[in-house]
Amino acid sequence: FQIVVLDALRTDFVLPPIEEEVKQRGYAGKLDLFWKLGKKGLVFPFIADPPTATTQRIGSLISGSLPTYFEVTYSFSSSAVKTDNLISQLLKKNSSLCFLGDDTWLTLCPDISANSKGTVAGYHSFHLFDLHTVDDGIKSHLTQMKRSGASCHFGIFHFLGLDHCGHKLGPIHIECGDKLSEYNNVIRDRIETLGDDDILLVFGDHGMTDDGDHGGAAERETSSVLFGYTKN
């Protein structure tokens, strides 16, 4: 299966624009692929447990535990997850796990770099005003893997451009809409690579406020969405 994390994917970023006011926002209707794939794709809005900092959210996603506000202090000095987790279990089953994107995963799960035989490339996550380096790096690797037919039984791809756009410009800026349009193409490409029994999961780790920030427990910060797709 493949997992695509779109950092700071707020629920309303993927909802069809209805009200005239919403239509004027840069993100309105840009990530519409979820709604064009019919019954093979399912969309689930969800509430992310606070604190909505990426390190804590990734830790929770892979371990199934609840984050705590005390752990926010680890956001800038992350340490490896000590408990049993999804990544260690995946590597036990198949060592061809591929990882591309936010290098927080590699700090939390050093087993990825140490034991995976798949393509691994982490990118620094704190260059908040850089909208494209991480995303372009992921796409470049995916293109190379697709052309070479590289084995990737499990894939995790964590994009950061939307989150950085929110921090730099705010969510209603047209650049955020451009990012969502870009992700439309990324998801379409991932679907094309799926085998008959493969599953694609696309989700956000958290949302963002109307100022583009996150970390707390406000409704827009905890608002996100999960999309699941299979060919069968």
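Start by selecting the cysteine sulfurs: 0 disulfides are counted here, a disulfide being a pair of cysteine sulfur atoms within 2.5 Å. Next, pick C109, which is in no disulfide; its nearest cysteine sulfur belongs to C98 and is 15 Å away. Before you go on, note that this is a predicted model, where local features need pLDDT of at least 70 and side-chain atom pairs count only at pLDDT 80 or more, while totals for chains, interfaces and linings use all residues. Residues are numbered from 1 along each chain as its sequence is written, and side-chain values use heavy atoms, with hydrogens and water left out.

Buried means under 20% relative accessible area, exposed over 50%, and partly exposed in between, with a 1.4 Å probe and protein chains only. Now jump to C176, also buried, with 1% relative accessibility.

Of the 232 residues in the protein chain, 48% are buried. Draw a box along the principal axes, and the C-alpha atoms fill roughly 50 × 40 × 30 Å.

Among contacts between residues at least 6 apart in sequence, 66% join residues at least 24 apart.

Methods:
Contact means heavy atoms within 4.5 Å.
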